[in-house]
Amino acid sequence: MTLAGGAGSGQVRELRQVGAYGVLRDERGRVLLARGSENSPCPGVWQFPGGGVEHAEHPARAVEREFAAGTGLAVSVGAIRAAVADVASFPDADVRMHTDRLVFEVEATGGDLRPEPAGGSEELCWFSPDEAAAVPLMPFTAELLGLPVSPLPAGLPRVPPPDPVPNADRRLRFGAYGLVTDPAGRILLTQIAPGYPGAGKWHLPGGGTDHGEQPTTGLLRELVEECGQLGRVVELLGVDNLHNSAALGPEGRPLDWHGVRVIYRVLVDVPTDAVVTESAGGSTARAGWFDRAEIAGLSLTGVAAMAIGQLGR
């Protein structure tokens with residue numbers, strides 16, 4: 001999270017948050033949408049039910065919590081369907097809020113449907129695609145429904161997000177990583193540099209995304225910086241949640257880190273020697289291509305081992 005100045009100072013504060021949402025369908029194939037109340041950032045606008053991920057919380061657990069609070073329904077969370085980002089400006093608060101939005105398939109397992117205006121959902125309704133096209137939608141919701149993305153209504157009384165609780169030792173990092181292969185089936189890995197958590201272990205290429213950057217864009221940028229490769233994203237595989245309450249890195253003191261990491265399948269059609277560029281530096285010591293037999297002898301990070309284990313399934 002990046003801060004600059006304060007409300008009314010004229011200096012824009014660039015903030016970040018992660019949101020998690022669920023796509024719930026009824027027996028007729030309609031989707032459940034929630035209309036924002038006056039307590040929400042976008043009153044009167046419809047979106048998939050969900051909300052902000054709390055510190056150290058897995059995004060799937062956030063979906064369960066937000067559904068219970070905002071709709072009255074208990075849900076089971078299935079596969080991740082999309083990961084997108086958007087930036088909203090709140091001029092009165094001198095804030096530009098970047099939100100990474102993770103959208104999951106869900107199934108209802110119990111409860112009674114009801115809105116919760118105090119929590120942000122003024123009304124709940126089931127929509128067919130044609131019906132959803134006739135109401136104001138959050139851009140990420142329209143995109144996932146395959147509908148044209150329109151600007152939010154003019155003059156919308158935007159409610160600024162609350163200021164974060166000052167905590168210099170608490171960090172949130174959203175990153176995009178790739179299970180990267182070439183036509184020969186080799187896997188591309190990066191080694192974590194000394195002085196960083198997990199130093200010496202082999203990791204998936206990728207890293208934190210920049211303010212205003214889409215996850216796939218950030219991943220392909222990191223692939224060039226860390227490995228000197230041009231890749232193409234094939235599919236979204238999943239999301240990994242990491243909480244380390246005492247991560248020790250180059251800051252020289254333990255930090256309460258919460259990392260949310262989306263993982264993609266990436267192909268490099270024309271592989272070259274993997275080289276870390278000088279401009280990347282930082283947490284990546286070196287990179288390399290490995291076949292499955294070679295990987296068996298490497299010390300891997302947990303997320304790398306998990307992703308590689310999905311190959312061939």
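Predicted model: local features only at pLDDT ≥ 70, side-chain atom pairs only at ≥ 80, totals over all residues.
## Strand β1 and its partners

Strand β1 spans residues 13-23. Nine of its eleven residues are buried. β1 pairs with two strands described here. With β6 (residues 95-111) the sense is parallel, over eleven bridges. Arg-13 sits opposite Val-95 of β6.

With β4 (residues 50-52) the sense is antiparallel, over three bridges. There, Ala-20 has Gly-51 as its bridge partner.

## Helix α4

Helix α4 runs over residues 215-227 and has 13 residues. From first C-alpha to last it reaches 18 Å, close to the 18 Å expected at 1.5 Å a residue. Gly-228 follows α4, with a positive phi near 70°.

The buried residues of α4 are Pro-215, Gly-218, Leu-219, Glu-222, Leu-223, Glu-226 and Cys-227. These residues lie on the same side of α4, because they cover an arc of only 140° around the axis.

## Nonpolar cores

The largest nonpolar core holds 34 residues. Leu-102, Val-262 and Tyr-264 touch the most other members. Beyond its neighbours within four places in sequence, Leu-102 is in contact with residues including Val-18, Ala-20 and Tyr-21. Other contacts of Leu-102 include Ile-80, Phe-174, Val-239, Val-260 and Val-262.

A second, separate core has 21 residues. Among them are Val-45, Ala-82, Leu-145 and Leu-156.

## Salt bridges

The model has 20 salt bridges. Side chains of opposite charge can pair when their charged atoms come close. Glu-64 and Arg-61 form one, at 2.9 Å from N to O. The two are three residues apart in helix α1 (residues 59-71), so about one helical turn separates them. Glu-64 is partly exposed, with a relative accessible area of 27%. Arg-61 is partly exposed too, at 40%.

Glu-66 and Arg-65 form another salt bridge, with the closest N and O atoms 3.1 Å apart. Glu-66 counts as buried at 18% relative accessibility, because the cut-off for buried is under 20%. Arg-65 is partly exposed at 27%.

Arg-221 forms a salt bridge with Asp-210, and their closest N and O atoms are 3.8 Å apart. The pair links distant parts of the chain, eleven residues apart. Arg-221 is in α4, while Asp-210 is in the loop between β11 (206-208) and α4. Arg-221 is partly exposed at 22% relative accessibility, and Asp-210 is partly exposed at 39%. Shared partners join Asp-210, Glu-213, Arg-221, Glu-222 and Glu-225 into one salt-bridge network.

Technical notes. Residues numbered from 1 in each chain as written. Heavy atoms only, no water. Buried < 20%, exposed > 50% of the residue type's maximum accessible area, 1.4 Å probe, protein only. Helix = DSSP H or I, 4+ residues; strand = E, 2+ residues; numbered from the N terminus. Pairing = 2+ DSSP bridges. Expected span 1.5 Å × (residues − 1). Arc of directions from axis to C-beta. Core = buried A, V, L, I, M, F, W, Y, C linked by side-chain atoms within 4.5 Å. Contact = heavy atoms within 4.5 Å. Salt bridge = Lys/Arg side-chain N within 4 Å of Asp/Glu carboxyl O.
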